[in-house]
Amino acid sequence: MACTVALTKQAGKMLADLPARVQEDVVQRLTQLGEEPRGPGVLKLRSHVPPAYRGEVGGDYRIVFIIDDAAPHVRVIWQNRDTHYYRG
């Protein structure tokens with residue numbers, strides 16, 4: 001299922017602040033999400049309403065996104081370094 005990919009304002013700012021090499025990796029991953037949103041390496045997050053998913057980017061970064069099957073549309077809500085995402 002191919003779908004459009006859009007970033008929230010916050011995710012867009014985070015993308016702009018990343019190093020150029022990482023930006024390229026994120027854009028490539030976003031393209032893959034548009035082609036197959038629930039593809040390899042995508043995990044559904046527990047206790048998130050609406051249901052959200054997480055995908056890896058180059059090992060150190062994560063993208064959190066919501067899939068709207070009715071549209072079809074993927075909305076990226078957050079992206080950052082792995083260490084920032086998993087702080088308790």
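Reader: At 42% relative accessibility, what does Arg 38 count as?
Author: The model is predicted: local features need pLDDT of at least 70, side-chain atom pairs count only at pLDDT 80 or more, and totals for chains, interfaces and linings use all residues. Residues are numbered from 1 along each chain as its sequence is written, and side-chain values use heavy atoms, leaving out hydrogens and water. Buried means under 20% relative accessible area, exposed means over 50%, and partly exposed lies in between (1.4 Å probe, protein chains only). Arg 38 has 42%, so Arg 38 counts as partly exposed.

Reader: Which side chain does Arg 38 meet in a salt bridge?
Author: A salt bridge needs a side-chain nitrogen of Lys or Arg within 4 Å of a carboxyl oxygen of Asp or Glu. The N to O distance here is 2.9 Å, and the partner of Arg 38 is Asp 69.

Reader: How many residues apart in sequence are the parts that Arg 38 and Asp 69 tie together?
Author: The pair is Arg 38 and Asp 69, joined by their side chains. Arg 38 lies in the loop between H2 and strand S2 (42-44), while Asp 69 lies in the loop between S4 and strand S5 (73-81), so the pair ties together parts whose separation in sequence is 31 residues.

Reader: How many salt bridges does a search of the whole structure find?
Author: One of them joins Asp 25 to Arg 21, with the closest N and O atoms 3.5 Å apart. Another joins Arg 62 to Glu 56 at 3.6 Å, N to O. The search of the whole structure gives a count of 3.

Reader: In which helix are Asp 25 and Arg 21 about one helical turn apart?
Author: Asp 25 is partly exposed at 28% relative accessibility, whereas Arg 21 is exposed at 57%. They sit 4 residues apart, which means about one helical turn, in helix H2 (residues 20-35).

Reader: Is Arg 62 buried or exposed?
Author: The side chain of Arg 62 meets that of Glu 56 in a salt bridge. Glu 56 is partly exposed, at 39% relative accessibility. Arg 62 has a relative accessible area of 7%, so Arg 62 is buried.

Reader: Which strand holds Glu 56?
Author: Contact means heavy atoms within 4.5 Å. Not counting residues up to four places away in sequence, Glu 56 touches Arg 29, Gly 41, Tyr 61 and Arg 62. Helices (H or I, at least four residues) and strands (E, at least two) are DSSP runs, numbered from the N terminus. The strand that holds Glu 56 is S3.

Reader: How many bridges join strand S3 (residues 52-57) to S4?
Author: Two strands pair if DSSP finds at least two bridges between them. Ala 52 stands opposite Ile 66 in S4. S3 and S4 run antiparallel, and the number of bridges joining them is 6.

Reader: Which residue takes a positive phi in the hairpin of S3 and S4?
Author: The hairpin has 3 residues between its strands. The positive phi is near 60 degrees, and the residue that takes it is Gly 58.

Reader: How many of the 8 residues of strand S4 are buried?
Author: Across the protein chain, buried residues make up 39% of the 88 residues. Strand S4 covers residues 61-68 and is largely enclosed by the rest of the structure, because its buried count is 7.
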